[in-house]
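Colleague: I am learning to read structures, and I would like to go through this one with you step by step. Could we take it one question at a time?

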Amino acid sequence: MPFGRFWSSTIGKKVVMAVTGIVLVGYILAHVTANLLIFAGAAAIDAYAAKLRTLPLLLWGVRVVLLLSVVLHVVAAAQLAVRARAARPTSYRRFEPQASNATSRTMRWGGVALLLFLIYHILHFTTGQAHPAFVHLAPYHNVTTAFRVWWVAAIYIAAMVALAMHLYHGTWSMFQTLGIAHARVNVARRRLATIIAVLVPLGFVSVPIAVLVGLLR
Ligand code: HEM
């Protein structure tokens, strides 16, 4: 099927969401693992950031793939939302969900919140405009000075709750879209979605919490 026809079909957009979702989860897994280096001390995480800058092809390759994935993921989600609304122009008089739960119903607004978080996060820790004491290539200093301010830590912790919900439902639906949804694999599917949605946000929030309690200074 030519890409134009694939992209304009509803299932095509869902497949694009699933595939870009896999790319984004892959990046998030690598990012959370790298973040844990902060517990090995300033030298370890700062050296890691410096090492990445000696590999510009890898760094920019990852950035381009990531940006493309985020754009496709968000555009497909917005278009699917418009289609779903057009298919049901009058809202339910009484909303009684049949097959949804809190995580599936918050995908849209949770997704918007994560997008806003991501923009803030890049201005905060990568480019520095949103960080009052930013030092280029000093992630240990940037992270510890940022999270000493309780409301900055709170923004990150709240964003990681949104991430947990998004990852749970996203991982679960990705398999559905890709046709991996037989009753036999559903237990494994549910388990994998739970493991990813719990461990990844826990790994991320461990950093602001460690700064707040004085474990990292
Ligand atoms: C407590 C949670 C988090 C902390 C402490 C954290 C920390 C950082 C730091 C220090 C950087 C700058 C790295 C450098 O310049 O070498 C960074 C960059 C980045 N982070 Fe995070 N991060 C967190 C959560 C997230 C989440 C949940 C996402 C995705 C949804 C994310 C996506 C990114 C992206 C896209 C970049 C830019 C990478 C680049 O320069 O190419 N981060 N993060």
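Colleague: What distance separates the C-alpha atoms of Leu 68 and Thr 33?
Modeller: Along the chain, Leu 68 and Thr 33 are 35 residues apart.

Colleague: Which helix has the lowest confidence in the chain?
Modeller: The chain averages a pLDDT of 93, and 92% of the residues score at least 70. Confidence is highest in helix 7, at 98, whereas the lowest mean, 64, belongs to residues 102-105. Where pLDDT is low, the predicted coordinates should not be read in detail. That lowest mean is found in helix 5.

Colleague: Which helix gives the largest share of the shell around the ligand?
Modeller: There are 20 residues around the ligand, and those that come nearest are Ala 49, Phe 125, Thr 126, Pro 139 and Phe 204. Several elements give two or more residues to this shell, among them helix 2 (10-35), helix 3 (42-53) and helix 9 (183-212). By class, the shell has 14 nonpolar, 5 polar and 1 charged residues. The largest share, 5 residues, comes from helix 6.

Colleague: Where do the buried residues of helix 7 lie, seen down the axis of the helix?
Modeller: The buried residues in helix 7 are Pro 139, Asn 142, Val 143, Ala 146 and Phe 147. Seen down the axis of helix 7, these residues fall within an arc of 105°, so they line one face of the helix.

Colleague: Against which helices do the buried residues of helix 7 pack?
Modeller: Pro 139 is one of the buried residues of helix 7, and Pro 139 is also among the residues that come nearest to the ligand. The helices against which the buried residues of helix 7 pack are helix 3, helix 6, helix 8 and helix 9.

Colleague: What is the phi of Leu 137, and where is Leu 137 found?
Modeller: Most residues other than glycine have a negative phi. Leu 137 is not a glycine, yet its phi is positive, at about 65°. With 11 other C-beta atoms within 10 Å, Leu 137 is exposed. Leu 137 is found in the loop between helix 6 and helix 7.

Colleague: Not counting residues up to four places away in sequence, which residues does Ala 164 touch?
Modeller: Ala 164 is among the residues with the most contacts inside the largest nonpolar core. Leaving out residues up to four places away in sequence, Ala 164 touches Ala 197, Val 198 and Pro 201.

Methods. Residues numbered from 1 in each chain as written. Predicted model: local features only at pLDDT ≥ 70, side-chain atom pairs only at ≥ 80, totals over all residues. Near = placed C-beta within 6 Å. Helix = DSSP H or I, 4+ residues; strand = E, 2+ residues; numbered from the N terminus. Nonpolar A, V, L, I, M, F, W, Y, C, P; charged D, E, K, R; others polar. Buried ≥ 20, exposed ≤ 12 C-beta atoms within 10 Å, placed from the backbone. Arc of directions from axis to C-beta. Contact = placed C-beta atoms within 7 Å. Core = buried A, V, L, I, M, F, W, Y, C linked by C-beta atoms within 7 Å. pLDDT = per-residue confidence, 0-100.
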